[in-house]
Amino acid sequence: MLKRIITYGTFDVLHFGHINLLKRARGLGDYLIVALSTDEFNKIKNKKSYYTYEQRKLLLESCRYVDLVIPENNWEQKIDDIQKYQADIFVMGDDWKGKFDFLKSYCEVIYLPRTPNISTTQIKEDFNL
Ligand code: C2G
């Protein structure tokens, strides 16, 4: 039985911390769906991404661990997504630990340790982006 994983994020200026997360998430099953924050949703998240949604989507789709990229438009779509895409496991980095435990009624919820010493914010600062 195919085990389907879903995760969410902005994934701006894709870096090895993101890839580590995607690799481990994919390793928990057979198919990884990434719900990618749209530019409009980033405004709601108070995140200004360097790359547009289309650019961030292209980068993610080039990643061997990612099977499908869908848009993340709001905070409320997760339950619908899990049912629509028949996700068995919801995965996030542990900076979100506990925040999505309400999804445990619909699927397994796993928080994975963040990769230390790398962040989009740091990269943007270092490169004056
Ligand atoms: N991440 C990580 N290690 C890092 C940086 C990021 O494991 N050094 C993980 C985050 O924990 C997250 C994913 O990579 O699971 C994507 O990171 P962001 O794009 O920063 O995600 P965020 O903006 O927190 O969006 O509805 C959920 C939100 O869309 C999450």
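Modeller: The model is predicted, so local features need pLDDT of at least 70 and side-chain atom pairs count only at pLDDT 80 or more, while totals for chains, interfaces and linings use all residues. Residues are numbered from 1 along each chain as its sequence is written, and side-chain values use heavy atoms, with hydrogens and water left out.

Colleague: What makes Asp67 and Arg26 a salt bridge?

Modeller: The term requires a side-chain nitrogen of Lys or Arg within 4 Å of a carboxyl oxygen of Asp or Glu. The N to O distance between Arg26 and Asp67 is 3.3 Å, so the pair qualifies under that definition. Helices (H or I, at least four residues) and strands (E, at least two) are DSSP runs, numbered from the N terminus.

Colleague: Why are Asp67 and Arg26 called partly exposed?

Modeller: Buried means under 20% relative accessible area and exposed over 50%, with partly exposed in between (1.4 Å probe, protein chains only). Asp67 has 35% and Arg26 has 23%, so both values fall in the intermediate class.

Colleague: How far apart are the closest N and O atoms of Lys57 and Glu61, and where do these residues lie?

Modeller: The closest N and O atoms are 2.7 Å apart, and the pair forms a salt bridge. Lys57 and Glu61 are four residues apart in helix H3, which separates them by about one helical turn. A search of the whole structure finds six salt bridges.

Colleague: How do you know what span is expected of H1?

Modeller: The expected span of a helix is 1.5 Å times one less than its number of residues. H1 has 12 residues and reaches 16 Å from its first C-alpha to its last, close to the expected 16 Å.

Colleague: Which residues of H1 are buried, and what puts them on the same side?

Modeller: They are Gly17, His18, Leu21, Leu22 and Ala25. These residues cover an arc of only 135° around the axis, which places them on the same side of H1; the arc is that of the directions from the helix axis to the C-beta atoms.

Colleague: Why does the radius of gyration agree with a compact globule?

Modeller: The radius is taken over C-alpha atoms, and the globule rule is 2.2 Å times the number of residues to the power 0.38. For 129 residues the rule gives a value near 14 Å, and the protein has 14 Å, so the two agree.
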